[in-house]
Amino acid sequence: WEGKNILTYDAPCLFIFHAPKNSSTPEQDGVIWATTALYYAETLGIGTCFNGFLVRALNAKYKFKRHLSIPKNHIVLETFTAGYPVYSYKNRAVREKAKVNIIK
């Protein structure tokens with residue numbers, strides 16, 4: 001692993017979602033924002049990967065947040081890397097049909 005970037009694997013784009021620490025529901029908001037952005041990126045053919053290690057690292061050391069211009073009073077909620085995938089898959093995963101009960 002020496003010389004390899006095992007944190008972001010050299011992804012060309014990093015999304016960082018952060019909010020003021022005193023927001024009413026920052027963790028829930030961060031998950032919603034990040035998931036929505038991640039799904040949108042996937043519809044454009046962009047590969048994504050959530051990265052919890054970066055969340056912990058950024059929140060542990062203020063100098064990391066300062067380097068990325070994240071305000072001191074903010075908490076990092078979610079991060080994900082993005083880029084065009086090297087590999088593509090011709091076959092989707094086989095899934096059972098959803099069983100749905102509609103109650104009127």
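**Note on the pocket, core and salt bridge**

1. Strand S2 gives the most to the lining of the largest pocket, with 4 residues. Strands here are DSSP runs of E, at least two residues, and helices are runs of H or I, at least four, numbered from the N terminus. The model is predicted: local features need pLDDT of at least 70, side-chain atom pairs count only at pLDDT 80 or more, and totals for chains, interfaces and linings use all residues. Residues are numbered from 1 along each chain as its sequence is written, and side-chain values use heavy atoms, with hydrogens and water left out.

2. The lining of this pocket has 16 residues, and Thr8, Tyr9, Ala11, Cys49 and Thr81 lie nearest the centre. Strands S2 (47–50) and S3 (74–83) are the elements that each give two or more residues to the lining. By class, the lining has 10 nonpolar, 6 polar and no charged residues.

3. The largest nonpolar core has 7 residues: Phe17, Ala34, Leu38, Ala41, Ile46, Phe80 and Ala82. A core here is a set of buried Ala, Val, Leu, Ile, Met, Phe, Trp, Tyr and Cys residues joined through side-chain atoms within 4.5 Å. Buried means under 20% relative accessible area, exposed over 50%, partly exposed in between (1.4 Å probe, protein chains only). Helix H1 (26–43) and S3 each supply at least two core residues. H1 has the largest share, 3 residues.

4. The whole structure holds 1 salt bridge (a side-chain nitrogen of Lys or Arg within 4 Å of a carboxyl oxygen of Asp or Glu). Lys99 pairs with Glu96, their closest N and O atoms 3.8 Å apart. Lys99 counts as exposed because its relative accessibility is 75%. Glu96 counts as exposed at 69%.

How values were computed
1 Å grid on protein atoms, 1.4 Å probe; cavity = no way out; pocket = protein on both sides within 12 Å on 5 of 7 lines; lining within 4 Å. Nonpolar A, V, L, I, M, F, W, Y, C, P; charged D, E, K, R; others polar.
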